[in-house]
Amino acid sequence: MVSTPVRDAAPGLATDEDGRPYANGFRPAVLEWDGWTCADCIVCGTGTQCADCQACTDFAFPYPPHWARPWAEGEPERGIELFGGPGGMSAGRGLVDDGGDWVLIEWNRDAAATARAAGHWVVEADVRTLDPRHPALRGVSRVHGSPPCQTLSGAGKRAGWNADEVAQLQSIMWQASEAFGFLEVDDLCSLYGGPHGYFGDVLDGMEDHPDADGWGEFCGGGHLPPCMTPADFRKWAASVVSDDRTALMAEMLIWPMCLVQIGAPLVSITMEQSANLLKQSPALAEAIQSEITSVEGFGWAWCSWQVADAADFGAATHRERAWMVATRYGWPRYADQVDGDKAAREMWAHVLKRTGRLPDWTPELDRRIEPYQGRPALPKVTVATALNLPADWWADTRGKRGINPETGKPMGGGSFPLNDVGQCVTAPWYGIKFRPAHVPQGEGTNTITAPELGALVGFRRDYPWTYIPTRKGARGVRNIAQMIADAVSPFMGAAVSSAVQGEDWYEPVATYQATLYRLDDQAADTERPALPAPRTEDRAIEQLELFPAA
Ligand SMILES: [Zn+2]
Ligand SMILES: [Zn+2]
Ligand SMILES: [Zn+2]
């Protein structure tokens, strides 16, 4: 961390709720901090903005300079988005709550550049190199995370759900609340030399202590002080998995718990993950849920898990993801209680069928959010409607396929009619070709642009997709398509954000959907839209022109 101005006197040792210092000189409060904030800043005291003040900028780094100022009631809520990607969740959140003050953490430089171009403050870093006990984070009240799901995706090597690794990571995650200072015990006196263990029993060899049979000066229940740093916990989590991306799941406990540890007014956590996390590795979802809601842990009021499809909330393509919503006080907006056993039997039907029983460890599914609350579903939008193409056309995601001699069918598939909601957009869609039904598969000449691909997921057409060339002339067509494929759908982002903050999602999202997909224009159009002209016959040039915004 950069150096901060030195104060005359160090602030007193951190104390627990009863005013007792933590044991062994442990200072759980904030990492390497002498208590200085913008409130003490001589430069800002004269009316200078934090952004123009070196001391505040250095103190808050890498977060926005004005985060050097303690957050005050009535100011925009501060939020941290882990794995923010190109800003899909933020775009959704912005539809229901444009008053927030968020920082996105993202390691991929193209995604970070895109999010920056979209107006976000982005910390371009591996989240594991950041310490959530940074003093500038004491004003954070919301966390969202979309951990990368390569190891959990159906197409991956499945390392993400190696049963043994998942079990080990689960048991480590169960200990997050103890590691970060949220385990409540009957008696803390042994930490101060007293005779009692955490459950009030007399420790071996302390039977003759004057307080052994009674209640002494140092006796009292409370939270065990934190016993691990985020770095230690990360190392521990990474040590049991073969692909350390799997261990990134632990960040969804490390950040919220360390933020609360330093006094941040955190009130909600949301999370997006591969649907396979819930379906194939429910033990990790269970560990997160139990740590968040357990009275022996974080003790929050609500933590729900569910699978939801962006196509059910306005998107023109499917995007089935696992979503978690957690709230500290009270229930979220749209809270819904359902039959948990029935939900479990549906969620893990594939396991039930194979083994005759449900997985050993699963999160409770008896609660979820139901953003519609009985209102009519938003219109289903077909790919043809979204891209203003004739409804009887087809798309080929790959070139011409050969015929499998054994089955007599085309190999590799990859074609779909436009008159339907699209499948989940994947990176290879950058090479998609549209064609009338009578044109043979693979011989279409109409291509797709980055704005169109983004729109299919739910991004506005002028979203600033950005690619930083790694070599001269590179256009990053595939990189941008990958970014779009990995993003949170803004439609889903809006519905889920609305569960914890801002206004009701329904009207703003219905308006956004109608504008994005030009639903009103098309409804008014009685004539079929004009056929788009083929761009070029030359594949090489086509590649350069595919994504003009790139
Ligand atoms: Zn200042
Ligand atoms: Zn300042
Ligand atoms: Zn005691």
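Q: Which residues does Pro230 touch, not counting those up to four places away in sequence?

A: Pro230 touches Asp131, Pro132, Ile254 and Cys258. Two residues are in contact if their C-beta atoms, placed from the backbone, lie within 7 Å. This is a predicted model, in which local features need pLDDT of at least 70, side-chain atom pairs count only at pLDDT 80 or more, and totals for chains, interfaces and linings use all residues. Residues are numbered from 1 along each chain as its sequence is written, while chains are lettered from A and ligands numbered from 1 in the order in which they are written.

Q: Is Pro230 buried or exposed?

A: A residue is buried if 20 or more other C-beta atoms lie within 10 Å of its own, exposed if 12 or fewer, and partly exposed in between; the C-beta atoms are placed from the backbone. Pro230 counts as buried because it has 23 C-beta neighbours inside 10 Å. Pro230 belongs to helix α7, residues 230-239. Trp255 is 25 residues from Pro230 in sequence, with 8.4 Å between their C-alpha atoms.

Q: How many helices and strands does the protein chain have?

A: Helices (H or I, at least four residues) and strands (E, at least two) are DSSP runs, numbered from the N terminus. The protein chain has 19 helices and 14 strands. Of its 550 residues, 45% count as buried. Among contacts between residues at least 6 apart in sequence, 71% join residues at least 24 apart.

Q: What is the order of the strands in the open sheet of seven strands?

A: Strands of a sheet pair through backbone hydrogen bonds, either parallel or antiparallel. Here two strands pair if DSSP finds at least two bridges between them. The order is β3-β2-β1-β4-β7-β9-β8, and the pairing is mixed. β3 (121-124) and β8 (302-309) are the edge strands; each has a single partner, so one side of each lacks a neighbour in the sheet. From one strand to the next, the twist averages 20 degrees.

Q: Which strands pair with β4?

A: β1 pairs with β4 in the parallel sense over five bridges, and Glu81 has His144 of β4 as its bridge partner. β4 and β7 also pair in the parallel sense, over four bridges; Gly145 has Met271 of β7 as its partner. β4 is mostly covered, with five of its six residues buried.

Q: How is the packing of α3 and α16 read?

A: Two packed helices are described by the angle between their axes and the distance between the axes. The axes of α3 (residues 88-96) and α16 (residues 490-500) come within 7 Å and cross at roughly 55 degrees. Angles under 35 degrees count as roughly parallel, over 145 as roughly antiparallel, 65 to 115 as roughly perpendicular and the rest as oblique; α3 and α16 are therefore oblique to each other. The residues of their contact include Gly88, Met89 and Ala91 of α3 and Pro490, Phe491 and Met492 of α16.

Q: Why is α3 described as largely enclosed?

A: Nine of the nine residues of α3 are buried, so the rest of the structure largely encloses this helix. The elements covering its buried residues include β1, β2, β4, β7, α16 and α17 (506-516).

Q: At what angle do α5 and α10 pack?

A: Helix α5 (residues 163-173) and helix α10 (residues 282-293) pack at about 5 degrees, with their axes 9 Å apart. They are therefore roughly parallel to each other.

Q: What pairing is found in the open sheet of three strands?

A: The order is β13-β12-β14, with antiparallel pairing. The twist averages 30 degrees from one strand to the next. Three bridges join β12 (residues 393-396) to β13, and Asp396 stands opposite Ser415 in β13.

Technical notes: Axes are lines fitted to C-alpha atoms, for helices over the stretch in contact, and angles run from 0 to 180 degrees between N-to-C directions.
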